[in-house]
Amino acid sequence: MVKLSYILLFIISLIVTSPPLTESFHINNWAISKLETKQETVTNLQFYFHDTISGKDPTAIRVAQAADTEKSPTLFGALLMADDPLTETPDPKSKLIGRAQGIYGSAGKEELALLMVMSFCFTDGMYNGSSISIIGKNSALSPVREMPIVGRTGVFRLARGYAVAKTHWYNEVGDAIVAYNVTIVH
């Protein structure tokens, strides 16, 4: 019984002499460290996206569709998987600088609006091995479209930015060459 009394007395003395929780844990200082960085750099990339859904070697293929997709003037519900070349110029035989890999679907009933979920994976020069990912609405028949960059790897890690698309050429089958102007702040 005497030992129990000493233990209780010891615990009570610890509680009484300990600083309050707010003194040992600073609520306003939740940031453990801060990384100071140099001035931001703005990188502007210009390239061409070649989306081919026709012919013997398409770069985008339909992988799913809704029951009424073929009845829709916008092909609402069509879902395509793409592995499109990215080149320096509109000429499909110009220098390959990367690939656009991802999926897009017709998300508009009234307009040709594509939901783009795409990674632009660069394979050339100083950006080799780096990528940017976009997700957003692409109103394909609008002269100019803007989509956010939501993911980045390699030299673009932790960056932010946006992509502006402008159709350079398209045909009645749906093949297209699209100019991209991408602005990245890193």
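The structure is a predicted model, in which local features need pLDDT of at least 70 and side-chain atom pairs count only at pLDDT 80 or more, while totals for chains, interfaces and linings use all residues. Residues are numbered from 1 along each chain as its sequence is written, and side-chain values use heavy atoms, with hydrogens and water left out.

The protein contains two helices and nine strands; helices (H or I, at least four residues) and strands (E, at least two) are DSSP runs, numbered from the N terminus. Read from the N terminus, the order of elements is α-α-β-β-β-β-β-β-β-β-β. Among the 186 residues, 34% count as buried, where buried means under 20% relative accessible area, exposed over 50%, and partly exposed in between (1.4 Å probe, protein chains only). A contact requires heavy atoms within 4.5 Å. Of the contacts with a separation of 6 or more, 46% are between residues 24 or more positions apart. The protein exposes about 12,600 Å², and carbon and sulfur atoms supply 61% of this area. Accessible areas come from the Shrake-Rupley method with a 1.4 Å probe; for residues, only the protein chains shown count as cover.

Strand β1 is paired with two other strands. Two strands pair if DSSP finds at least two bridges between them. Ten bridges join β1 to β9, and these strands run antiparallel. The pairing of β1 with β3 is also antiparallel and has two bridges; in β3, Leu86 is the bridge partner of Phe49. Seven of the ten residues of β1 are buried, which leaves the strand mostly covered. In a regular strand, side chains alternate between the two faces of the sheet. His50 is placed in β1, which spans residues 42–51. His50 counts as buried because its relative accessible area is 5%.

The largest nonpolar core has 31 residues. A nonpolar core is a set of buried Ala, Val, Leu, Ile, Met, Phe, Trp, Tyr and Cys residues joined through side-chain atoms within 4.5 Å. The residues with the most contacts inside this core are Phe47, Met116, Phe120, Phe122, Ile134, Tyr180 and Val182. Two or more core residues come from each of β1, β3, β4 (96–106), β5 (113–122), β6 (131–139), β7 (145–153), β8 (160–170) and β9 (176–185). Residues up to four places away in sequence aside, the contacts of Phe122 include Leu45, Phe47, Leu86, Ile97, Ile132 and Phe156.A nonpolar patch on the surface is formed by Ile61, Val63, Leu79 and Met81, with about 320 Å² of accessible area together. Patches are made of residues with over 30% relative accessible area and no salt bridge: like charges are joined within 9 Å, and nonpolar side chains (Val, Leu, Ile, Met, Phe, Trp, Tyr) within 5 Å. Strands β2 (60–64) and β3 (79–87) each supply at least two residues of the patch. Val63 is placed in β2 and counts as partly exposed, because its relative accessibility is 46%.

Gly174 is found in the loop between β8 and β9. With a relative accessible area of 32%, Gly174 is partly exposed. Although Gly174 and Asp51 are 123 residues apart in sequence, their C-alpha atoms are 8.3 Å apart in space. Apart from neighbours within four places in sequence, Gly174 is in contact with Asp51 and Ile53.

A salt bridge is a side-chain nitrogen of Lys or Arg within 4 Å of a carboxyl oxygen of Asp or Glu. By this rule there are six salt bridges. In one of these, Arg99 is joined to Asp83, with the closest N and O atoms 2.8 Å apart. This pair links distant parts of the chain, as Arg99 is in strand β4 and Asp83 in strand β3, 16 residues apart. Arg99 is partly exposed at 24% relative accessibility, and Asp83 is partly exposed at 32%. A salt bridge is also formed by the side chains of Lys95 and Asp124 (3.1 Å, N to O). Lys95 lies in the loop between β3 and β4 and Asp124 in the loop between β5 and β6, so this pair ties together parts that are 29 residues apart in sequence. Lys95 is partly exposed, with a relative accessible area of 42%, and Asp124 is partly exposed at 28%. The side chains of Glu111 and Lys137 also meet in a salt bridge (2.8 Å, N to O). Because Glu111 lies in the loop between β4 and β5 and Lys137 in strand β6, the parts tied together are 26 residues apart in sequence.
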